[in-house]
Amino acid sequence: MPASPSTARAINDRLALRLLQQQGPLTAAQLKQHTGLSRPTVADLVDRLAASGLIEVVGEAGAQRRGPNAKLYGIVADRAHLAALDVRTEGVSVLVSDLVGRVLGEASVPIGHDTGTGHAVEQAVALVERVAKEAGADRLHTVGIGAPGLIDPATGELRDSGGLPAWHRRLVAALQERLPAARVTVENETNLAALAEQRDGAARDRDTFVLLWLGIGTGAAVVLDGHLRRGASGGTGEIGFLPVPWTRGLPSATDCAGGFHSLASSAAIVELAGRHGLTAPAGAEEPLAAGLVRAAAGSVSADGSAGPQGAGDGGAGGAGAFLDALADRVALGVASVVAVLDPGCVVLGGEVGRAGGTELAGRVEERIRRMAPLPTEVRAGVLGGAAVLRGALLTAREAAQEELFAPPDR
């Protein structure tokens, strides 16, 4: 059946708003070109969206040609303010942005392992309130949280997980209580990193890929045919529990020691580097494991095999041997993912994945070619640890715009 006039208007409005969201400010003529709508229809929707406070004139185009300049229309950025949180076992980072994603404020606070649950929650909530105030955001519309652990697919709640601080789960409820007007959502940190790498990073040309997170912990995010897959219980990608060789035993339902985590976590990488005589590079402002991997990769790439600089006490040979040993370990996890999912592309994410760059990714890809019959490209993530905040912001923007751009009668 043909759409009613009101339905057609709603569809056209959403189409125009999506274009402005994705491409930035556009003229009425550009909106006509991109949408295929008639000039009168575009004029009507521009007037309608401006009257509703969703778009406004943000500038002019065509200053170099003769005649009147065309008005540039853009989304009203301060129609809503958003917050994104990256919750880690050792602290929390927060950023506040406007509706188009422009960052207005950002800060972090460390939270020690010996900090009580109530005090830790208060520190995190106070940080959100402070950053919002300093950014001029009197009211937050949507808060997106990235956290380790399982997210219940039915309720969207962070589930109790052994080994994770109790304040993680309490934080979501505390934020909702202190910010009653805001919509608070939580997503697994690795899933958010994958969304960010797909939108702005190493997987921009892929609608099917797996992101392998290499940081303090290990995890994987699965994107198939453009959709993030969470699994029946929200546990898709808990690769830290994958049984692998070279460990002292098997993982259990409550402890991933003995699984892939034992080979590829930050602690395991630091221990492996020590075996190869590598020491922390001086002045590094990143996690120790990432600094060691970055120094080794830089040393190896300096002369095509293994240069002397940045390799610590292990020298050139130590750096190359370390990267080879690390690639052997990472390839075990990647090969398992490839054999089951055939994603065609695996992105090594997190601080360690980014630090290893093409040196580590290339070594892992070479091993996968020998271990699996399925063609697989291995890429280094380009966003590193920042991918979680970026992903949390993307999901907050999507949620806010979905609500604000909805037809009035929905």
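Q: How many salt bridges does the structure hold?
A: The structure, which is a predicted model, holds 25 salt bridges.

Q: Ok, which residue does arginine 18 form a salt bridge with?
A: Arginine 18 forms a salt bridge with glutamate 398, and the closest N and O atoms of the two are 3.5 Å apart. Arginine 18 belongs to helix 1 (residues 5–23) and glutamate 398 to helix 12 (residues 386–404), so this pair ties together parts that are 380 residues apart in sequence.

Q: And which residues are linked with those two in a network of salt bridges?
A: The network of salt bridges links Arg14, Arg18, Arg199, Glu398 and Glu402.

Q: What about glutamate 187, which residue forms a salt bridge with it?
A: Glutamate 187 forms a salt bridge with arginine 230, with 2.6 Å between the closest N and O atoms. This pair also links distant parts of the chain, since glutamate 187 sits in strand 8 (residues 183–188), while arginine 230 is in the loop between strand 11 (227–229) and helix 7 (261–264), 43 residues apart.

Q: Is glutamate 187 buried or exposed?
A: Glutamate 187 counts as buried because its relative accessibility is 10%, and the cut-off for buried is under 20%.

Q: Where do glutamate 365 and arginine 369 lie?
A: Both lie in helix 11 (residues 350–371), four residues apart, which is about one turn of the helix.

Q: Switching to strands, what is the order of the open sheet of five strands?
A: The order is 6-5-4-7-8, and the pairing in this open sheet is mixed. Strand 6 (103–110) and strand 8 are the edge strands, each of which pairs on one side only, and neighbouring strands of the sheet are turned by 15 degrees against each other on average, with direction ignored.

Q: How many bridges join strand 4 to strand 5?
A: Eight bridges join strand 4 (residues 81–88) to strand 5 (residues 91–98), and the two strands run antiparallel. As one example, leucine 85 has valine 94 in strand 5 as its bridge partner.

Q: Which strands does helix 4 lie across?
A: Helix 4 (residues 117–134) lies across strand 4, strand 5, strand 6 and strand 7 (140–147), and it runs at about 155 degrees to strand 6. Helix 6 (residues 189–200) lies across strand 4, strand 7 and strand 8, running at about 90 degrees to strand 8.

Q: Last one, where is histidine 168 found, and what does its side chain reach?
A: Histidine 168 is found in helix 5 (residues 166–178), and its side chain reaches the backbone oxygen of arginine 88 at 3.0 Å. Histidine 168 is buried, with a relative accessible area of 4%, and among the residues that it touches are Val87, Thr89 and Leu158.

Definitions and conventions:
Residues are numbered from 1 along each chain as its sequence is written. This is a predicted model: local features need pLDDT of at least 70, side-chain atom pairs count only at pLDDT 80 or more; totals for chains, interfaces and linings use all residues. Side-chain values use heavy atoms; hydrogens and water are left out. A salt bridge is a side-chain nitrogen of Lys or Arg within 4 Å of a carboxyl oxygen of Asp or Glu. Buried means under 20% relative accessible area, exposed over 50%, partly exposed in between (1.4 Å probe, protein chains only). A polar contact is a pair of N or O atoms within 3.5 Å; within protein, one must be able to donate a hydrogen and the other to accept it, and residues adjacent in sequence count only if both atoms are side-chain atoms. Contact means heavy atoms within 4.5 Å. Two strands pair if DSSP finds at least two bridges between them. Axes are lines fitted to C-alpha atoms, for helices over the stretch in contact, and angles run from 0 to 180 degrees between N-to-C directions. Lists of a residue's contacts leave out its neighbours within four places in sequence.
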